[in-house]
Amino acid sequence: MNYPMHDGTAKLLTTEEYFQNYPDLCSYQPFLDTVRNHGINSCKADVFSDFISGTLLIPEKKNPSEKEFCLSYYLSKDLLVLIEDKEHINDLELIINERHITDASSLPQFLVLLVEALIKDDMLLLQNYETCLAEIEDEILTGKDIKINHRLIGVRRKLLRMNAYYQQLSDFGSELEENSSGFFSQTDVRHFSVLTNRAERLLNYTQFLREYALQIREMYQSQVDIKQNETMKILTVVTTIFFPLSLITGWYGMNFRNMPELHYPYSYFILIGICVLIFTAELWFFKKKKWI
């Protein structure tokens, strides 16, 4: 697909189309290897005096472990080549047309508008993550324990991947904004500055959500510890109550011949009374101390 512009042409190609139409366009071997193997795992920019190349990895927003778009790009003064696989190229073309990216005034702005279109709804996505964390927090406070830890770990992992993505995107924008080779005009630099600021805001929000998730995890662990302490408290009280009774039982279970209590006709009833008295006294003491 060709997108003519006043300062050149932007092209959206598959890997096969790129090597068929531009076999000698770029001699930078890492770029060629990435395009050939489609080995894209980050957002980056390699800046040279007469061209810029790099990759853009856009994760699937609902499942950040999956890749939604994996783009390689080559940008010169009069040509922007975007390289995507056959599976996603139609979706990418649809985004370009729907978001009016072809209205860009320059090839660098075309690239910026494309990236901004791909992260356009990310703030809403992060707000959904915040809502999910708030719901988990409410469930913890109400005493529910239905796979909360499992859900919390799932959200934290997604936020971790999104954090890495926004960090890479921020570095990508900063690298181009520096314009160390003087490749871009001041207008283009301002566009990259806007992109960098947007990526940093998303990054900061993601980091806030990660901290929020950590606080919820600590609160959940505190609730678990409190429940365990309550259980141990009950077990300790029960053990303490029955320890004297077990001592009495063990004592009179020795069956020595010269134990006079064994031959006294009322010993059994007296021992029952003593046990009841001990039990009642301990129960009163524990309630007074508010241990039970």
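Guide: Helices (H or I, at least four residues) and strands (E, at least two) are DSSP runs, numbered from the N terminus. Take I136: this residue is found in helix α5, residues 122-141.

Visitor: Before we go on, what kind of model is this, and how are residues numbered?

Guide: It's a predicted model, where local features need pLDDT of at least 70 and side-chain atom pairs count only at pLDDT 80 or more, while totals for chains, interfaces and linings use all residues. Residues are numbered from 1 along each chain as its sequence is written, and side-chain values use heavy atoms, with hydrogens and water left out.

Visitor: OK. How many helices and strands does the protein have?

Guide: Eight helices and six strands. Reading from the N terminus, you get β-β-α-α-β-β-β-β-α-α-α-α-α-α.

Visitor: How do I read the radius of gyration here?

Guide: It is taken over C-alpha atoms, and the globule rule is 2.2 Å times the number of residues to the power 0.38. For 292 residues, a compact globule would come out near 19 Å, but this protein has 35 Å. The C-alpha trace spans about 115 × 35 × 35 Å along its principal axes.

Visitor: What share of the residues is buried?

Guide: Buried means under 20% relative accessible area, exposed means over 50%, and partly exposed is in between (1.4 Å probe, protein chains only). In this protein, 39% of the 292 residues are buried.

Visitor: And where do the nonpolar ones gather?

Guide: The general idea first: in soluble globular proteins, nonpolar side chains tend to be buried together. A nonpolar core is a set of buried Ala, Val, Leu, Ile, Met, Phe, Trp, Tyr and Cys residues joined through side-chain atoms within 4.5 Å. The largest one here holds 60 residues, and L56, F110, L133, L169 and F172 touch the most other members. Helix α7 (residues 186-251) gives the most to this core, with 13 residues. There's also a second, separate core of twelve residues, including Y22, F31, F51 and V81.

Visitor: Which residues does I136 touch?

Guide: Contact means heavy atoms within 4.5 Å. Not counting residues up to four places away in sequence, I136 touches I148, R151, L152 and I216. I136 counts as buried because its relative accessible area is 0%.

Visitor: Let's follow that to I216. Where is I216 found, and is it buried or exposed?

Guide: I216 is found in helix α7, and it is buried, with a relative accessible area of 1%. Leaving out residues up to four places away in sequence, I216 touches L133, I136, E137, I140 and L152.

Visitor: Why does N163 count as buried?

Guide: Because N163 has 11% relative accessibility. N163 lies in helix α6, residues 148-178. Neighbours within four places in sequence aside, N163 is in contact with L203, T206, Q207 and R210.

Visitor: What about a loop residue, say S42: which residues does it touch?

Guide: S42 sits in the loop between α2 (29-37) and β3 (44-47). S42 is buried, with a relative accessible area of 16%. Apart from residues up to four places away in sequence, S42 touches T55, L56, L57 and Q168.
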